[in-house]
Amino acid sequence: MIEIEKLQKGAQIGAGQVCIAPACGARFKLNERLYVCPSCGGLLDVTLGLSADADPERLRAVWTRRLASFDARDRSGVWRYRELLPFTDDAPIVTLAEGNTPLYDAPVSAAYCGLNTLTLKHQGCNPTGSFKDTGMTTAVTQAVILGATTVVCASTGNTAASLAAYAARAHLQCAILVPRGQISHNKLAQSLDYGAAVLELDGNFDDAMRVIRELAEDESIYLVNSINPFRIVGQKTVAAELLHQRDWSVPDHVVVPGGNLGNSSAFGKGFKELKELGLIDRLPRLSVVQAEGAAPFANLFGSESDVLIPIEHPQTLATAIKIGVPVSWQKALRAVVESGGSVLSVSEQEIADAKAIIGRDGVGCEPASATTVAGIKRLVADGVIGSDTDVVAVLTGHILKDTDYAINYHQGKLYTHDRAPGKTKEERRLAGNYNNPPARVKSTKAAILEGLRRHEQKHLGDL
Ligand code: F0G
């Protein structure tokens, strides 16, 4: 225990794990191996008690200085902001130089949404191609500190790929539980290459999540799904990186996709702590977009109820967010409400078209990420977002995460899974409104020039 305490900021006043349930608020040490509150089952939050002696100017200067450093900690877009993390400088960090993801201005997507400008924060440019790496670096570091020998997660593919990579770096045994036949091949390929035990379950993500929580009762096994607050502490640093890249100018609105709702919780926590530290003077509105067939959080937000009703058979081709019982909904709700944001859902057609539009900005993403642009378009049309608003859409995964989806969209072969009685296959086909199918041509100069001409013709009235 003494050893562990040297690696964590346990001695700092106010540092610990706190139950977020208002009626509970129980506190635990940072080195206690917990996932939920042992008293009431509520979600846990890692707090640092930082604000008392914070000097925003000094923090800004230190973080900027680190951009020019070659130290592995400084090169990581997560550990660069280590003042926000619950570890000491001696902690045995497990890093793949995560974070450091670009901000792109996206004029085509902006025009599509009805905005003057739109910024994309591309978390798909992380080492394993998704935002999960920013939380996995801290969760696997915590696993090492706690002496775990096996790390596990349930996943729709990206958490699995990320964990598999970080576990390989840390030489830990790794088991990932994925719903069989329901995750993209590209993500599966990653986990196989990184050497994880890939366990394919009959059932969906929510079934995998339920089983894995039972598994984590075993002392040697450490669970790193986003229910684990040490995932969220890493992911929250993306808020700091985003603002740092904007020279601390706060956007009006930040929009993220919603699945298990760890990411939205992390952004909420990140912005709130930066405000408490005096680094920013207001919170951006945080909005969450779900896919229509897997939208329990959007349903909750639009209702009078204060309890989330699970969706038993979630359906969406954006398989990353095919989740019916999001674990972190209370944290996400708190973040959305406190910031004055909203929660909405978009159709499969809207997601597919938005994804193709983002591509026209030269920025590829996976389907789940495109819910953001689809959602922003909706919020502009509904008058919630004005055309001159400063909006950041967070893209969570790389285009190469789901190549089947992209190929099928462009070839007119993308079908929804909605098997309502009497619905024909043709009725389930998504329109290729912005598709760009490949053309087969003879290997002659004339045929190629003709192919080019036709391509130009087809896309003339596109956007
Ligand atoms: N976008 C992508 C690409 C994802 O992989 C996920 C979640 C989300 C958005 C939603 O984020 O769950 O924090 O609300 N993927 C998880 C996984 C569930 O297992 O890879 P969230």
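**Close-ups of a ligand and some salt bridges**

The space taken by the ligand is the largest cavity (on a 1 Å grid over the protein atoms alone, a set of points where a 1.4 Å probe fits but cannot get out; a molecule sits in a cavity if more than half of its atoms lie within 2 Å of its grid points). Keep in mind that this is a predicted model: local features need pLDDT of at least 70, side-chain atom pairs count only at pLDDT 80 or more, and totals for chains, interfaces and linings use all residues. Residues are numbered from 1 along each chain as its sequence is written, and side-chain values use heavy atoms, with hydrogens and water left out.

View 1. A polar side-chain atom of T396 sits 2.7 Å from a ligand nitrogen. A polar backbone atom of G259 is 2.8 Å from a ligand oxygen, and one of A320 is 3.5 Å from a ligand nitrogen. On its own the ligand exposes 470 Å², and the protein buries 98% of that (Shrake-Rupley method, 1.4 Å probe).

**View 2. D45 meets R334.** The side chains of D45 and R334 form a salt bridge at 3.7 Å, N to O (a side-chain nitrogen of Lys or Arg within 4 Å of a carboxyl oxygen of Asp or Glu). D45 belongs to strand β3 (residues 44–47) and R334 to helix α13 (residues 329–339), so the pair ties together parts 289 residues apart in sequence. D45 is buried at 13% relative accessibility, while R334 is partly exposed at 32% (buried is under 20%, exposed over 50%, partly exposed in between; 1.4 Å probe, protein chains only).

**View 3. K236 meets E273.** The closest N and O atoms of this salt bridge between K236 and E273 are 2.6 Å apart. K236 lies in the loop between α9 (229–235) and α10 (237–245), and E273 in helix α11 (residues 262–276), 37 residues apart. Both are buried: K236 at 2% and E273 at 15%. Salt bridges with shared partners join D45, K236, K269, E273 and R334 into one network.

How values were computed. Helix = DSSP H or I, 4+ residues; strand = E, 2+ residues; numbered from the N terminus. Polar contact = N/O pair within 3.5 Å; in protein donor to acceptor, adjacent residues only side chain to side chain. 1 Å grid on protein atoms, 1.4 Å probe; cavity = no way out; pocket = protein on both sides within 12 Å on 5 of 7 lines; lining within 4 Å.
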